[in-house]
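Have the sequence and the 3D view ready.

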Amino acid sequence: MAPDQGRAANPMSTPMIQAASTEMLKLLDDLAVFSAPGPGVTRLLYTPEWSQAQLFLQGKMAGFGLKVGTDKVGNVYGRLAGRNPDDKVILTGSHVDTVVNGGKYDGAYGIAAAITAIHYLQETFGQPLRSLEVVSFCEEEGSRFPLTFWGSGHVTGMYDGSEADTCADSEGITLKSAMAECDYNNFEDTMNQRVDSTRRDDIGAFVELHIEQGILLEKTSTQIGIVEAIAGQRRFTVRVSGTANHAGTTPMNLRADALMGTAEMLLLLERLAGEAGEPLVATTGRLEVIPNTPNVIPGEVQFTLDIRHSEAEKLDRFCSDTLIAFNEIAAKRGLNLDLTPRLSALPAPMNSELCYGLERICQKQGRSYRNMVSGAGHDAQLFAPRFPTAMIFVPSRDGISHSPAEYSSPEELGVGLEVLTELLYELAYK
């Protein structure tokens, strides 16, 4: 089909999109091959598997006629140059790294769909008005090194690279040395992207397509989730200190039992979170009892708190109220409470105009959709404060992610591709 620059058409009106969907699914399967041995997909930052995946993607982009580039931390770009070079770039993609024994869709789907969508638009409509780029971010998960968003964090200015000198993995290998030993940028750089700075200021919009990693879309039989905001997060480590003592000789009314105090706190946490209602969630995922002996009253308990909400004010108020209540429980029981903040991430609202655009596209395509908050973190949350940003979800079977059991059907993935493609068409061709 010859490119037609001028027509006002539905980009999804041709059977070519079916071939594009097949192409995307094959790309996902091909990308999943680059994994360390073991269940699922394990592709950690700056490992051989990661390098091979990034080199594979560079070759795929170049094969589709895109200009290919990498930056100094290993983000990979493919550009379809626009006719108006002074206009800002429309960027789409996701992260290539995984958790240990993860699935093949988290992150990779957004990359495969972005490559496929841009290739389809190029073949169908020719050169866009504004440049289209796909990005494979080098890292998002924090699975190897104790930081997250190493890729998008450089693009948006959260990192300056100095972190690489001291940040080390569990084997003591620093980011700097891992980067130096990693072969990810020996492909011909046709974008002249390798520059000292990784920060970008030329982005007109960023769009990320992702599996939901939750159960809401599947349970409500909804095809598309339009993310209105990515929830802010507060994480704490809590230490409750009492008195370890003999389990048989210490009367109940004379105990300073750290575990019983913790149990009361966590039951209260569950009740307060339920009363607060959606989208607030509160979780204790790790709990350590000391001395953890059957016949000794626990003298100390350490546990984690993970609290999330899409509105900063409500998040702050819930955290404050909860910690006041915890202190009251500790005082009543003769316990000491120490709390250490570990993370404070602001909520990230998506661009309202792009959200409205996605609603119109879903209506036009006859797709069921819902506006929703993402409780999980994504690269899009770093872009949202700086650039117009949109995020699209497709269903995850049983809400499972970060697992070999992670799955979204070909039909669900294809619907996401069609919505993404039409949004990129509107942003770059109109």
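Below, we look at one strand and then at one serine.

## Before we start

This is a predicted model, where local features need pLDDT of at least 70, side-chain atom pairs count only at pLDDT 80 or more, and totals for chains, interfaces and linings use all residues. Residues are numbered from 1 along each chain as its sequence is written, and side-chain values use heavy atoms, with hydrogens and water left out.

Let's begin with β6, which covers residues 224–230. Helices (H or I, at least four residues) and strands (E, at least two) are DSSP runs, numbered from the N terminus. Six of the seven residues in β6 are buried, so the rest of the structure largely encloses this strand. Buried here means under 20% relative accessible area, exposed over 50%, and partly exposed in between (1.4 Å probe, protein chains only).

What does β6 pair with? Two strands pair if DSSP finds at least two bridges between them. With β15 (residues 369–374), β6 pairs in the parallel sense over six bridges; there, Ile 226 has Asn 371 as its bridge partner.

## Ser 396, in a loop

Now find Ser 396, in the loop between β16 (389–394) and α11 (410–429). Is Ser 396 buried or exposed? Its relative accessibility is 1%, so Ser 396 counts as buried.

Beyond its neighbours within four places in sequence, Ser 396 is in contact (heavy atoms within 4.5 Å) with residues including Ile 211, Gly 214 and Tyr 407.
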